[in-house]
Amino acid sequence: MPGQTKLIDAFKGKRICVVGDIIADIYIFGRPYRLSREAPVVVVKHEEERVYPGSAGNTINNLLALGAHVFPLGFIGNDGAGDRLVDFFSHFDTIEMDGFIRHDGETITKTRILAGDTHTSKQQVIRIDRDNSKPPKRSKRSLLLKKLQEIGPAMDAFIVSDYGHGAVDGPVITYMRTAAEKKTVVGDARYRLKDFKGFTLITPNESEAYQLCNMDLSNDIEEVGRKILGIMNVTALLITRGNKGMSLFLKNGKTHHIPISGKDDVTDVTGAGDTVCAAVTLALASGADFYSASQVANYAAGVVVMKRGTATLTREELKLAMDTYGSNRT
């Protein structure tokens, strides 16, 4: 797919602003070695701990891996988890670090404990979530909006990554609606997609799409897509559908159902939606139409779901996936 390969090269240096909830994905790996004397549970011996950026942080990480120049805007607590996130991103040359606004609360974390024997694939045993009990002060929110207004005119595109932790508020959404009149604004939200009316593109998964339009699974995905377009006033809607691929609905009336890329026996879907959001935004910012951009995002998702944990992919991996699976498309 030579045309799309050239498109991937154009990702490099694109200026993308990501506003959203930045969390720490903590992975604790261990080996089960005996039963506890205190309760009928297995005792897991600690082996390793890793911290990766999650939610909006994962979107940022995917953009960096694909060659973008990223302008993040979000809150990180003044704690150990926050320090580790800042340290993670400080190793990149193509990110503006002052967009990470530190505050006195806790960094939002999702801690996953994975256990398995030494020579086996470790499986997730439990996930422990820690929310921020001390939200950022009004002065910090004002600072975020001020930074957004300052950098906005120079951006090639925007991503709003809302996981329900409060970074995306009314003034941010209002700014994005205005920005969408001239630039690409992609919205990804877990609980409040209805607030993203007027954006360029929204990227819900299938269950989020059904919830958005108050329909159940007895309704065909075509009905769902058309209803959402009718109520959201977006230019395009991209619904990710797991092993059924993706469905793209355009305001001009066209619909495209894109089959899954790669294998359907996925390893881990954690963070795949963030990868889709990053890839489709970069493609649109690089001049692709909605259908071509959605195809690129589909290939990108096909790569990361074969990796364990919160994963990213490089431009080279994306090109390889397009070369490998693109020839099978009709």
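**Notebook: a walk through a predicted model**

I started at Leu 201 and looked up what it touches beyond its neighbours within four places in sequence: Val 185, Val 186, Gly 187, Ala 236, Leu 237, Leu 238, Val 280, Leu 284 and Phe 290 are in contact with it. I keep in mind that this is a predicted model.

Next I asked which residues have the most contacts inside the largest nonpolar core. Leu 201 is one of them, along with Phe 11, Ile 16, Ile 60, Leu 63, Val 70 and Leu 318, and the core has 58 residues. I then checked where the largest share of this core comes from, and found helix H8 (residues 272–285), with 10 residues. Another core lies apart from it and has 38 residues, including Cys 17, Met 155, Ile 202 and Leu 229.

**The sheet**

I turned to an open sheet of 4 strands, and I noted their order as S3-S2-S6-S7, with mixed pairing. Which strands stand at the edges? They are S3 (42–55) and S7 (123–130); each has a single partner strand, so one side of each is left without a neighbour in the sheet. On average, neighbouring strands here are turned by 20° against each other, direction ignored.

I also looked at what packs on this sheet, and found helix H3 (residues 80–89), which touches S2, S3, S6 (109–115) and S7. The direction of H3 makes about 55° with that of S3.

S2 (residues 22–35) and S3 run antiparallel, and 13 bridges join them. A reminder to myself: strands of a sheet pair through backbone hydrogen bonds, either parallel or antiparallel.

**Asn 58**

Asn 58 lies in helix H2 (residues 56–65). Leaving aside neighbours within four places in sequence, I listed the contacts of Asn 58 as Pro 53, Gly 271, Asp 274, Thr 310, Ala 311 and Thr 312.

Last, I looked for cavities. How many of 30 Å³ or more does the structure hold? I found 1. The largest cavity has a volume of about 30 Å³. Its lining is made by Phe 75, Arg 141, Leu 144, Leu 145, Ala 167, Asp 169 and Val 172. Helix H4 (residues 138–151) gives the most to this lining, with 3 residues.

How values were computed. Residues are numbered from 1 along each chain as its sequence is written. This is a predicted model: local features need pLDDT of at least 70, side-chain atom pairs count only at pLDDT 80 or more; totals for chains, interfaces and linings use all residues. Side-chain values use heavy atoms; hydrogens and water are left out. Two strands pair if DSSP finds at least two bridges between them. Helices (H or I, at least four residues) and strands (E, at least two) are DSSP runs, numbered from the N terminus. Axes are lines fitted to C-alpha atoms, for helices over the stretch in contact, and angles run from 0 to 180 degrees between N-to-C directions. Contact means heavy atoms within 4.5 Å. A nonpolar core is a set of buried Ala, Val, Leu, Ile, Met, Phe, Trp, Tyr and Cys residues joined through side-chain atoms within 4.5 Å. Buried means under 20% relative accessible area, exposed over 50%, partly exposed in between (1.4 Å probe, protein chains only). On a 1 Å grid over the protein atoms alone, a cavity is a set of points where a 1.4 Å probe fits but cannot get out, and a pocket is an open set with protein on both sides within 12 Å along at least five of seven lines; lining residues have an atom within 4 Å of a point. Grid points are joined across faces, edges and corners, and a volume is the space filled by probe spheres set on the points.
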